[in-house]
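Biologist: Could you go through this one with me, with the terms spelled out as we use them?

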Amino acid sequence: MIPGDPAGDPAAGVATGEDGVVVERPRQGPASAGGAVHGDPAGGPGPGVGGNADGAGAAGGAGGIGGGVGRARRGRAYGVASAVLLAAMVVGVLAGAAGLPARGVALALLDRLPLVSAHSGLTSSQEGLLFQLRVPRVLLAALVGGLLAMAGAGYQGVFRNPLADPYLLGAAAGAGLTVTLVVVFLGGDAGVAAVPVAAFAGAVGGVFLAYALGSAAGRGGGTSTLVLAGVAVTSFLTAIQTFVQQLKVDELQRIYSWILGDVGGGWEQLAMVAPYAAVSTVVMLLHGRLLDVLSVGDEEATGLGVHATRVRFVVLLAASLATAAAVAVSGLIAFVGIVVPHVVRRLAGWSYRIVLPLSFLGGAAFLVLADTVARTVLAPAELPIGVVTAFVGAPFFVTVLRMSRRVDA
Amino acid sequence: MSGPHAEDGGADAAGVRARGVGVTLGERPVLADVSLSAGRGAWLAVIGPNGAGKSTLLRAVAGLIPAEGAVFVNGVPVRALRPRDRARLVAYAPQSPALPPDMTVYEYALLGRTPYIAYLGRESARDREVTGSVLERLDLDAFASRPLGHLSGGERQRVVLARALAQQAPVLLLDEPTTALDLGHQQQVMDLVDQLRVADRLTVVTTLHDLTLAGQYADTLVLLAGGRAVAAGTPDQVLTEPLLARHFGARVRVGPAPDGRPLVHLVRLGGARA
């Protein structure tokens, strides 16, 4: 094809008819030859949204699973995640040191629904246990787990780094430090009221410190520089926190149990963080598409007309708010923010439009179950929930990491 | 420094015009006072030795990095535009684009519709329709649901092109579109760009390190060396033995190809074999 006078008559230059383009179908590269059967048939219904993702998964192995997530598959993913969460919550409500009859619990819960009246047959102390301890505890665990997992996914999108996490970035350590300061030096009711605000300030401060340190260390380092900076910030902030704790040894037990995580805060705690949780969740879910655009890099995102820096800033604030809300009521619970989004990505695809909401559901289910285990394994004693998540999460994370390495290679 | 299709003055000139573009990275001037002009339907190639500032020039024209000077697309000063509006006028494909391995071809091409989607909005039926027809045009519809990680080099390049075309911008900036492709795939990609240029009257600006390829496809060449435009004009005017010897430090022979365009080939040290 030799360009003659391109500004002149198109027909003189290229004889390809009105549509302009007639290209030979190129031979398929070696990479695609193996799985070449799973394309949409040409001329089929809208490309990409078709339901052939299962074929792609089967032909392409693990790497193909994250590919074209059809609408039906998306719906199924939400259905499965919601069902798992619901089942986890049922287990969480029923299990515990004091046994509750399943039938009675079901009837008591039904009775609370508007327009439904049922006689549960529970004693008043059983009712109290159910509604003052179990139900708020399960709800708080679900909320905290959802927030942490979604915040993890958000940080991963902002930094284009699958290892980004509220803990690795210094957000949780920042929140932990400020909350410790508030608990130790303010104490009392004023301290409790200041906890969410302090946690937010600490979380944002921690991330920005990590970000500034990572940027100062050089642009060439890329995403690993940021994580290393985050680890340094985390160590530093944790050191200060330890120092403060040792200053106030009489408060040590209180802080210690908070650090290891606890979702037994009840309705007041739920009410306290609900607004923060709602704002951060809505903001993050709204930015799923823009995080998808950012996944091709800042420069190209800018070329596509997106204010990359602004999007990152907004999502960063929202993820930090979510982290802070979670940390403020539950202390430090590790691994939810990094394990859950990874699993979701493996099962449901790469897009943040689905990773963010599914991480919320998955994280919620995960933490409800973790809390149930924490309450029951050593019953009547309770294990800190952070111990359970780390015990399950750390080996799991290593496995996920190995799998992702193998696929990427 | 105007190509054969460039208009000289008028603010409403179609195509792309850049005047006095300069870029400084840190303390170091990378680009100084570069101007270029390519009319509607024209193909301009930026050539030059390694480190001459070719990619930087393209990114400056695309408005991706801070730069001095002015860039006009169809007479509109694009550097003053919001990124969204600019992205409707200029589509840019970098030399090695990030291709998330799990993203499908369709999903990636759909990203090209980003400038038409409101900040918190979602893709419209029209966006999906445009993307579908672009994939069909590039013969990629059979690949639509394939993950990017499963594509060959030539397929990848076409997918990147599809994303750029989905932007429906009149100006296409392609940074080394043939990098890492074998001979046949180089030709396929260049032919494809050429056909699209003619069919849609697109203005194409590419950086190219292969001089013969540049001479084959472009109407206008701009030769960059040390951050300055040292020559510009038709392939015959720019691809000359003295200019290439001076700026590339290369011993070359330039002769006419059968189609009359210049053919650049290297000459071995010690002269021709006996």
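Modeller: Helices and strands here are DSSP runs, helices being H or I of at least four residues and strands E of at least two, numbered from the N terminus. This is a predicted model in which local features need pLDDT of at least 70 and side-chain atom pairs pLDDT 80 or more, while totals for chains, interfaces and linings use all residues. Residues are numbered from 1 along each chain as written, chains are lettered from A and ligands numbered from 1 in the order written, and side-chain values use heavy atoms, without hydrogens or water.

Biologist: How many helices and strands does chain A have?

Modeller: Chain A is built with 18 helices and zero strands. Of its 409 residues, 50% count as buried, that is, under 20% relative accessible area with a 1.4 Å probe and protein chains only, as against over 50% for exposed and partly exposed in between.

Biologist: Where does UniProt place the transmembrane regions of chain A?

Modeller: The unreviewed UniProt entry puts "transmembrane region" at several spans of chain A, including residues 77-100, 138-155, 193-213 and 313-338; the annotation may be inferred rather than shown by experiment, feature names are shortened, and positions follow the numbering used here. In the model, residues 193-213 of chain A are 100% helix and 0% strand, with their end C-alpha atoms 31 Å apart. For residues 313-338 of chain A, the end C-alpha atoms lie 20 Å apart and the span is 81% helix and 0% strand.

Biologist: And what does UniProt list for chain B?

Modeller: Its unreviewed entry gives "domain: ABC transporter" for residues 16-251 of chain B. That span of chain B has 35% helix and 25% strand, and its end C-alpha atoms are 34 Å apart.

Biologist: Which residues line the largest cavity?

Modeller: Among them are B:Ala93, B:Pro94, B:Gln157, B:Leu161 and B:Asp175. Helix H5 (153-166) and strand S7 (171-175) of chain B are the elements that give two or more residues to this lining, and H5(B) has the largest share, three residues.

Biologist: What lines the second largest cavity, then?

Modeller: That lining takes residues from both chains: A:Thr302 and A:Gly303, together with B:Ala62, B:Pro83, B:Arg86, B:Ala87, B:Val90 and B:Tyr92. Helix H14 (298-303) of chain A, and helix H2 (83-87) and strand S6 (90-93) of chain B, each supply at least two of the lining residues. The largest share, three residues, comes from H2(B).

Biologist: Now the backbone: which residue other than glycine has a positive phi near 50°?

Modeller: That is B:Arg201, found in the loop between helix H6 (183-200) and strand S8 (203-207) of chain B. Its relative accessible area is 29%, so B:Arg201 is partly exposed. Most residues other than glycine have a negative phi. In chain A, A:Phe335 also has a positive phi, of about 80°, although it is not a glycine.

Biologist: Where is the place of A:Phe335?

Modeller: A:Phe335 sits in the loop between helix H15 (308-330) and helix H16 (336-348) of chain A. With a relative accessible area of 24%, A:Phe335 is partly exposed.

Conventions: On a 1 Å grid over the protein atoms alone, a cavity is a set of points where a 1.4 Å probe fits but cannot get out, and a pocket is an open set with protein on both sides within 12 Å along at least five of seven lines; lining residues have an atom within 4 Å of a point.
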